[in-house]
Amino acid sequence: MKPRRLGRGLGDLGGAVAGSPGLAFGRGSSAAGDPGARQSRDPRQPGDPRPTLVCVTSGKGGTGKSVLTSNLAVHLTAGNVRTITVDADMGLANLHLLLGMRPSKTLLDVVERGAPLEEIAETGPTGVRLAAGGSGLPELADMHPSRLYRLVVAMEAVRDGTELVLVDTGAGIGRATTTFLYAIPNVLVVTTPDLTAMTDAYAVIKNVARNNATARVYLVVNHATSAVEGLEIFRRMDQIARKFLSASLRYLGHVLEDQRIPASVAARVPILLNQPAAPAAACLRGIGRSLMLEMAQRRAASVRTAG
């Protein structure tokens, strides 16, 4: 399927992002886990680049985290960035619904039989590759961290040229979520202007700062009434994180409140596809460009340091 250009997409960044074959935007995590799994986790040949792992999360449900993830996946795919999107909301997965897919395989295949992540990732009508979570599967919903860590191992070990693994977690700081938050080196936290959402987002950021201190933490403000409001919320949360956690946040942008988003969810078509001219769609494209520019810059800095 030929990638579809969605307005001002990743092509705007030029060859440094979307046009370079085999480009990897960073390296996988190095978090502690099952020692046995660590020793055998990477089937790649020496020198093969690892994909960048980005975890999308939120402090509470209802922030639009999965809507953001699904649209980022569409945007990245349209920009020729080879991406696998993982629905790691264990047992309550819904990304397949937002993408209009009916997957036949789930992450249980990775955990139970050791299937490679790229083997179970299925391509949907949007061109997005999705490694689906299981909806209503108690064996996924209450999984031990050592088994969950196998999924992180599988993400790092993808060997089909994938550049980015985008991981949509459950909300909050439950065991099934913190396994990913503490192991993945890039954490994207979604909040809204609602006080409870901001409070819970800060709780997530605090846990990441204490248990994954080298992680880069990004913030997106959803349901914003304006760009000014989004930036003000970021500044407030960044100041608190700097003061009490000695940690800084990185701002990827805001998504405007837009009634076209619920309509796109009901239609099971990401808003970037069925309402590309909507204000929220423009915001989502901006977040996608910001994310990939950040990754490309860090990759370039890593290459310069290695040289």
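Helices here are DSSP runs of H or I with at least four residues, numbered from the N terminus. Keep that in mind for the element names below. The model is predicted.

**Whole protein**

Start with everything shown as cartoon. There are 13 helices and 8 strands. Now colour by burial. Of the 307 residues, 53% are buried. Switch to a surface view. The accessible surface comes to about 13,100 Å². Carbon and sulfur atoms hold 52% of that surface. Residues 24 or more positions apart account for 77% of them.

**Stop 1: T179 and helix α8**

Select residues 175–181. This is helix α8, and T179 sits in it. Is T179 buried or exposed? T179 counts as buried because its relative accessibility is 13%, below the 20% cut-off. Show its side chain. A polar atom there lies 3.0 Å from the backbone oxygen of R175. Next, display what surrounds T179. Beyond its neighbours within four places in sequence, T179 is in contact with P145, L148 and Y149.

**Stop 2**

P145 is partly exposed, at 28% relative accessible area. Which residues does P145 contact, leaving aside neighbours within four places in sequence? They are R175 and T179.

**Stop 3: helix α10**

Move to residues 227–245. This is helix α10, with 19 residues. From first C-alpha to last, α10 reaches 26 Å, close to the 27 Å expected at 1.5 Å a residue. Select G230, I233, F234, M237, D238, A241 and L245; these are buried in α10. They lie on the same side of α10 because they cover an arc of only 130° around the axis.

What covers the buried residues of α10? The cover includes β6 (186–191) and α9 (195–211). It also includes β7 (216–224) and β8 (250–256). Show these elements together with α10. Finish at the end of the helix. Just after α10, S246 takes a positive phi of about 55°.

**Stop 4: the aromatic pair**

How many aromatic pairs does a search of the whole structure find? It finds 1. The rings belong to F234 and Y251, with centres 4.9 Å apart and planes at 20°, so the pair is stacked. F234 lies in helix α10 and Y251 in strand β8, so the pair ties together parts that are 17 residues apart in sequence. Compare the accessibility of the two partners. F234 is buried, with a relative accessible area of 11%. Y251 is partly exposed, with a relative accessible area of 24%.

**Stop 5: S264 and helix α11**

End at residues 260–267. This is helix α11, which holds S264. S264 is buried, at 4% relative accessible area. Display its surroundings. Not counting residues up to four places away in sequence, S264 touches V269, P270, I271 and N274.

How values were computed: Residues numbered from 1 in each chain as written. Predicted model: local features only at pLDDT ≥ 70, side-chain atom pairs only at ≥ 80, totals over all residues. Heavy atoms only, no water. Helix = DSSP H or I, 4+ residues; strand = E, 2+ residues; numbered from the N terminus. Buried < 20%, exposed > 50% of the residue type's maximum accessible area, 1.4 Å probe, protein only. Polar contact = N/O pair within 3.5 Å; in protein donor to acceptor, adjacent residues only side chain to side chain. Contact = heavy atoms within 4.5 Å. Areas by Shrake-Rupley, 256 points an atom, 1.4 Å probe, with all protein chains shown as cover. Expected span 1.5 Å × (residues − 1). Arc of directions from axis to C-beta. Phe/Tyr/Trp six-rings, centres within 6.5 Å; stacked < 30°, edge-to-face > 60°.
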